[in-house]
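Dear colleague,

Please find the structure we talked about handed over below, followed by some notes on what turned up in it. I would be glad if you could read the notes with the model open beside you.

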Amino acid sequence: GYIGSHICVELLGQGYDVTVMDNLANSNEKALRRVEEITGKKLRFYEADIRDRSAYDEIFSQNEIYGVIHMAGLKAVGESVRKPLAYFDNNVSGTIVLLEKMKEHHIKRIIFSSSATVYDLTQGECLTEKSPIGNSTSPYGRTKLVIEQMLADLYHSDARWSIVMLRYFNPIGAHVSGRIGEDPNGEPNNLMPYITQVAVGKREKLNIFGNDYDTPDGTCIRDYIHVMDLAGGHSKAVRKLEEQGLFIYNLGTGQPQSVLAVVHAFEKANGLKINYAIAPRRAGDAPKYYANADKAKTELNWEAERGIEDMCRDSWNWQKNNPEGYR
Ligand code: UFG
């Protein structure tokens, strides 16, 4: 998928061997071929579902697995409201199967893709790992929270596990080559792919969901992070797996941006105009939150390096070179 392919580039670049398991529900195998093209290295791929028990027996016995990076989650907030059971089944039941099989095969190192959505977003704007969690506004968010709690309980039952939970803020951008990037199925739910599809002429205009929030320009504020910085956070987290323990880190830049600021940054970085209109608020959107990422800096020696211009330039470079994504 989008984030996983960038992590593969990062890890192969760092000299790791990478084995990928994916059911291709929201991804494309072509991304893996392009990862190989970018890095000049090979990876192994198994097309299998996270709930497929026999697939793990095959993968874990055919490969020497040091640790697992688990990002096999369904992630569309709106869809999760319509299909909560599918979300709990894939995300929560799937994680249980993965953890059981890891245990059975004596693999006890895992990095989990969590989300800022686990925070209680009514309780504060600048979020540290100690900020209150809970009060999710969607089934999707609740699956992330349940998995985090399950991983904590697992660690408390057996302190030989190494568990790193990474709370992503808003990943955007693409690899600088323009060969891999975000390729949503159908109408994008998220801001940046919507902007790039308007820019490439696939959508007529961007709807900005609300300009009457209590923020300087009235639009919501988020912490957008370049997907290659996010990938770098994972390679630092892999090093952390050398230690047994339960670790939680925010991966964000700490640089809040409003929706309008992102639109204007995109226009400036790429010399384009984005057609937009102000639309009603979207249910469940919090007005403002962003990361305090000091803990990742201190403990992982990681910090985001790319700014909003880089994110906008690289997102557009991907989209304009691949107007139809991987299709
Ligand atoms: N937005 C628009 N128009 C659009 C799309 C988005 O105005 O067409 C606005 C949203 O209202 C929001 C901002 O752009 O203010 C960012 O929206 P995204 O959908 O890109 O991202 P969210 O912050 O809503 O969602 C992200 C992750 C989710 C996660 C959530 C909460 O994508 O996985 O943060 O942490 F659950």
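S113 is a residue of strand β4 (residues 109-115), where helices (H or I, at least four residues) and strands (E, at least two) are DSSP runs numbered from the N terminus. Before going further, please keep in mind that this is a predicted model, in which local features need pLDDT of at least 70 and side-chain atom pairs count only at pLDDT 80 or more, while totals for chains, interfaces and linings use all residues. Residues are numbered from 1 along each chain as its sequence is written, and side-chain values use heavy atoms, with hydrogens and water left out.

With a relative accessible area of 5%, S113 is buried, a term that stands for under 20% relative accessible area (1.4 Å probe, protein chains only). Leaving aside residues up to four places away in sequence, S113 touches H70, M71, K144, L166 and Y168, contact being heavy atoms within 4.5 Å.

Helix α1 (residues 2-13) has 12 residues and spans 17 Å from its first C-alpha to its last, close to the 16 Å expected at 1.5 Å a residue, the expected span being 1.5 Å times one less than the number of residues. Because 11 of its 12 residues are buried, α1 is largely enclosed by the rest of the structure. The buried residues of α1 pack against β1 (19-22), α2 (29-39), β3 (68-70), β6 (162-168), β7 (170-172) and α8 (227-240). After α1 comes G15, which has a positive phi, near 95 degrees.

A search of the whole structure finds 2 cavities of 30 Å³ or more. On a 1 Å grid over the protein atoms alone, a cavity is a set of points where a 1.4 Å probe fits but cannot get out, and lining residues have an atom within 4 Å of a point; points are joined across faces, edges and corners, and a volume is the space filled by probe spheres set on them.

The largest cavity has a volume of about 80 Å³, and the elements that give two or more residues to its lining are α7 (191-199) and α11 (308-321). Among the residues that line this largest cavity are Y2, M192, T196 and W318. The second largest cavity holds about 50 Å³ of space, and its lining includes D183, K202, W318 and R327.

Best regards

Notes: 1 Å grid on protein atoms, 1.4 Å probe; cavity = no way out; pocket = protein on both sides within 12 Å on 5 of 7 lines; lining within 4 Å. Buried < 20%, exposed > 50% of the residue type's maximum accessible area, 1.4 Å probe, protein only.
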